[in-house]
Amino acid sequence: MYEEYWGLNKAPFDNVPDPNFFFYSEGHEEALMRLLYAIERGKGAALLTGDVGCGKTLISRSLVRQLEESDEYQIALITNPNTDLLDFLSDILHKMGIEKKKTNGSKVQLTHLLDAEMMNNAETGRNTLIIVDEAHLIEDEKTLEELRLLLNFQLNEKFLLTLVLIGQQELRKKIAHLSPLDQRIAIRCHLHPLNYDDTIHYIVHRLKKAGLGKNIFKEDAMEKIYDHTKGIPRMINTVCDLSLLAGVSTESEEIDSDIVQCVIDEM
């Protein structure tokens with residue numbers, strides 16, 4: 001709606017996990033590096049947690065994009081894990097492209113199918129990766145226990161599977177109550193909101209990715225954005241998006257603190 005007015009190729013602040021807009025803050029880069037290390041070194045299991053809106057899902061999509069550049073990984077990305085155990089296992093198989101028509105749909109049969117696929121991957125030099133986003137939504141401990149059991153599928157020298165669990169802070173508490181799974185987590189990282197400097201760089205970065213070579217947010221506007229959002233990327237996106245829209249209606253050349261304040265008041 002406002003792209004032409006501001007000279008943008010696309011909307012820069014949509015709240016969707018587009019890896020093209022991934023911003024390498026120190027914390028986000030560290031988290032991505034740790035997850036890649038866990039996967040490439042076959043560490044078994046890794047855990048990424050973070051506050052609401054801090055970019056966990058975007059990291060998962062950026063991770064998948066990097067790994068899909070090679071043919072070394074078979075990836076199942078689970079985005080809705082709040083299902084019963086059989087549906088959860090079926091979703092993993094579906095995301096891996098495995099036919100399950102020849103099974104009776106039992107847990108044993110589904111697990112055997114998954115085990116066979118992981119073994120076949122190992123024999124052909126591929127790695128099996130299961131990423132569970134929004135893992136804090138898993139309510140049934142049997143599902144978390146099953147994930148732990150999947151890590152038992154291993155050769156003498158390596159795991160047949162790498163498991164990445166991503167969720168809000170409460171996920172750490174859930175896993176802590178399941179000692180056998182907690183002990184299998186080799187890599188842990190937690191995302192925090194952006195600091196003020198990173199918030200400025202984040203806004204400029206997204207504008208550039210959307211085709212604008214200059215920053216149209218004045219310093220006082222960015223200060224107000226940071227004060228209101230506390231550096232949470234999802235909230236930054238919302239305020240910036242609405243500010244660009246409001247700037248069109250007032251025929252502004254830049255986004256100043258008055259425009260941002262009007263947006264915040266309306267929110």
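1. Let's start with the nonpolar core. The largest one has 31 residues, and the members with the most contacts inside it are Ile 92, Ile 130, Val 132, Leu 163 and Leu 165. Bear in mind throughout that this is a predicted model. Two or more residues of this core come from each of E1, E2, H4, H5, E3, helix H6 (141-150), strand E4 (161-167) and helix H7 (170-176). H4 gives the largest share, five residues. As background, nonpolar side chains in soluble globular proteins tend to be buried together.

2. Setting aside neighbours within four places in sequence, Ile 130 is in contact with Ala 76, Ile 92, Leu 150, Leu 161, Thr 162, Leu 163 and Val 164. There is also another core, apart from the one above, with 27 residues, among them Trp 6, Leu 8, Phe 13 and Leu 244.

3. On to the rings, where the structure holds five aromatic pairs. Phe 13 pairs with Phe 217: the ring centres are 6.1 Å apart and the planes sit at 80°, so this is an edge-to-face pair. Phe 13 is in the loop between helix H1 (3-6) and H2, while Phe 217 is in the loop between helix H9 (196-209) and helix H10 (219-229), so the pair ties together parts that are 204 residues apart in sequence. Phe 13 is buried at 2% relative accessibility, and Phe 217 is buried with a relative accessible area of 2%.

4. Phe 22 and Tyr 24 make another edge-to-face pair, at 4.6 Å centre to centre with 85° between the planes. Here the two partners are worth checking one by one: Phe 22 counts as buried at 4% relative accessibility, whereas Tyr 24 is partly exposed at 44%.

5. Now the charged side chains. Searching the whole structure turns up seven salt bridges. One of them joins Glu 30 and Arg 34, at 2.8 Å from N to O. Both residues belong to helix H2 (residues 26-40) and are four residues apart, about one turn of the helix. Glu 30 is partly exposed at 34% relative accessibility, and Arg 34 is partly exposed too, at 32%.

6. Lys 95 is partly exposed, with a relative accessible area of 33%.

7. Asp 71 and Arg 126 form a salt bridge at 3.7 Å, N to O. Asp 71 is in the loop between helix H3 (56-68) and strand E2 (73-78), and Arg 126 is in the loop between helix H5 (107-123) and strand E3 (127-132), so the bridge ties together parts that are 55 residues apart in sequence. Asp 71 is exposed at 60% relative accessible area, while Arg 126 is partly exposed at 24%.

8. Last, have a look at Thr 49, in strand E1 (residues 45-50). Thr 49 is buried, with a relative accessible area of 0%. The side chains of Thr 49 and His 190 are joined by a polar contact of 2.8 Å. Not counting residues up to four places away in sequence, Thr 49 touches Lys 56, Gly 167, Gln 168, Gln 169, Leu 171, Arg 172, Cys 189, His 190 and Leu 191.

Terms used: Residues numbered from 1 in each chain as written. Predicted model: local features only at pLDDT ≥ 70, side-chain atom pairs only at ≥ 80, totals over all residues. Heavy atoms only, no water. Salt bridge = Lys/Arg side-chain N within 4 Å of Asp/Glu carboxyl O. Buried < 20%, exposed > 50% of the residue type's maximum accessible area, 1.4 Å probe, protein only. Polar contact = N/O pair within 3.5 Å; in protein donor to acceptor, adjacent residues only side chain to side chain. Contact = heavy atoms within 4.5 Å. Core = buried A, V, L, I, M, F, W, Y, C linked by side-chain atoms within 4.5 Å. Phe/Tyr/Trp six-rings, centres within 6.5 Å; stacked < 30°, edge-to-face > 60°.
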